[in-house]
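Keep the viewer at hand as you read.

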Amino acid sequence: MRKIFALTAVCLLAIGTLVGCTSPVAKKNTSEATSTPANNQTSAPKIDYPKKPITLIVSFAAGGGTDLGARLLTPILEKELGVPVVIENKPGGGGWIGYSELLNAKPDGYTLAYVNTPGLITGYVNPTAKRKENLDSFDFIMNHVLDAGVIAVRANDKRFSNMKDLIEYAKTNEISASSNGVGSGNHFATLQMNKQLGTKFRAVQFGGTSEALTSVLGSHVDVLIAKVGEVVDPMKEGQLKVLGVMMPNRVPQLPDVPTLKEAVGVNIENYSIRGIAGPKGMDPQIVARLQEALEKAMKNPDHVKKMSDMGLNIDTTKGADFKKMLQKEETNVNELKSLLGW
């Protein structure tokens, strides 16, 4: 009898030990089984993009500010996206040869383009262009550069020691100022000052800033209207005095140069927006993927330094906010278009 009791006790102890060892495993397996569907439900589907090279249209000639900025960006962008990004220069028509090619492309994320103001906007606001396209024809992905407008004179021009001197003189005397074509950003700068300050700037049209700079340095034109990146080196070489910046705030490359608001009490903004867009109808997931990669590339320290050395200020406004920036520019163009006979 004692043997039977002992044997029974041993069996019960063995069973208890076995159950104690195996029950946590069973519980763990149950937990894993129930957690898998929840994870699957919350994970966002990944898009298979990009799978091939991306074409990036630059609607201006090689060697210009937009082209140089793009070529600094694309090697870093390629690493972020894992595919080649091929620049194609399509100059002409104030940028609209390239923009038109973009709008004729599939909205699949494999054809993108830089869009620049004010040419993007004047190209359809100008009634003689007879274009039906407008800002709603594009998907705006991310801005890249805000290139501030500046006002400069010859370093040895003793008439103007500061911006206030220039404006006061220009209120009673006609004064010539460089421009890069009718309806260009530089042209609009003179129109803005004439309208808001009562000045008498007369725009003299040139094919480019290098030609305009030569004319100003040769005393053929009084004032150079240009962008920050175009005046930094001549200023350092002692050829120019930069009197004012047409932005809400001072720019890093010209920390001692006041804004027009600071100098003459009127907030006149004039700058070139250079950003990246696609044709209307892009997949929002592709847009988001591009925005993520572009932002990382633009904020890369090496890229930031090289752009700053060129006098180009990076701005990563994206999506709807990027479009709002452009809509503001559109409003400015429409307010001044009557002065151009539009």
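In this predicted model, helix α2 passes α10 in a right-handed crossing. The two axes come within 9 Å and cross at roughly 130°, which makes α2 oblique to α10. On the α2 side the contact is made by Leu-73, Ile-76, Leu-77, Glu-80 and Leu-81. Facing them from α10 are Arg-289, Leu-290, Ala-293, Leu-294, Lys-296, Ala-297 and Met-298. By class, this contact has nine nonpolar and three charged residues, with no polar ones.

Helix α2 has another partner in α11, which covers residues 301-309. Here the axes come within 10 Å and cross at roughly 175°, so α2 is roughly antiparallel to α11. Gly-69, Leu-72, Leu-73 and Ile-76 of α2 meet His-303, Lys-306 and Met-307 of α11. Four nonpolar, two polar and one charged residues make up the contact of α2 with α11. If you highlight Leu-73 and Ile-76, you will find them in the contact with α10 and also in the contact with α11.

A further helix pair to look at is α6 with α12. Their axes come within 11 Å and cross at roughly 65°, and that angle makes α6 roughly perpendicular to α12. This crossing is left-handed. From α6, the residues Phe-188, Leu-191, Gln-192 and Lys-195 meet Val-333, Glu-335 and Leu-336 of α12. The contact divides into four nonpolar, one polar and two charged residues.

| Helix pair | Axes come within | Crossing angle |
|---|---|---|
| α2 and α10 | 9 Å | roughly 130° |
| α2 and α11 | 10 Å | roughly 175° |
| α6 and α12 | 11 Å | roughly 65° |

How many cavities of 30 Å³ or more does the structure hold? There are two.

The largest cavity has a volume of about 100 Å³. Its lining includes Phe-188, Gln-192, Val-333 and Leu-336, and these four residues also take part in the contact of α6 with α12. Also in the lining are Pro-118, Gly-185, Glu-269, Asn-270, Tyr-271, Glu-329 and Asn-332. Both α6 and α12 supply at least two lining residues each, and the largest share, four residues, comes from α12. Sorted by class, the lining has five nonpolar, four polar and two charged residues.

The second largest cavity holds about 50 Å³ of space. Ile-54, Leu-56, Leu-77, Leu-81, Val-85, Leu-112, Ile-276, Leu-290 and Leu-294 line this cavity. The elements that give two or more residues to the lining are β1, α2 and α10. Among the lining residues, Leu-77, Leu-81, Leu-290 and Leu-294 belong to the contact of α2 with α10 as well. Which classes of residue line this second cavity? The lining has nine nonpolar residues, with no polar and no charged ones.

Next comes the open space. The largest pocket contains about 1000 Å³. Elements supplying at least two lining residues each are α2, α3, α4, α6, α8 and β9. Helix α2 gives the largest share, with four residues. The pocket lining divides into 12 nonpolar, 22 polar and six charged residues.

A few backbone details are worth a look before you close the viewer. A cis peptide bond joins Tyr-49 and Pro-50, with omega about -5°. Pro-50 lies in the loop between α1 and β1. A cis bond is also found from Thr-117 to Pro-118, where omega is near 5°.

What is noted about the phi angle of Lys-130? Although Lys-130 is not a glycine, its phi is positive, at about 55°. You can find Lys-130 in the loop between α4 and β4.

Technical notes
Residues are numbered from 1 along each chain as its sequence is written. This is a predicted model: local features need pLDDT of at least 70, side-chain atom pairs count only at pLDDT 80 or more; totals for chains, interfaces and linings use all residues. Side-chain values use heavy atoms; hydrogens and water are left out. On a 1 Å grid over the protein atoms alone, a cavity is a set of points where a 1.4 Å probe fits but cannot get out, and a pocket is an open set with protein on both sides within 12 Å along at least five of seven lines; lining residues have an atom within 4 Å of a point. Grid points are joined across faces, edges and corners, and a volume is the space filled by probe spheres set on the points. Ala, Val, Leu, Ile, Met, Phe, Trp, Tyr, Cys and Pro count as nonpolar, Asp, Glu, Lys and Arg as charged, and the others, Gly among them, as polar. Axes are lines fitted to C-alpha atoms, for helices over the stretch in contact, and angles run from 0 to 180 degrees between N-to-C directions. Angles under 35 degrees count as roughly parallel, over 145 as roughly antiparallel, 65 to 115 as roughly perpendicular and the rest as oblique. A crossing is left-handed if the near helix is turned anticlockwise from the far one by less than a right angle, and right-handed if clockwise. Contact means heavy atoms within 4.5 Å.
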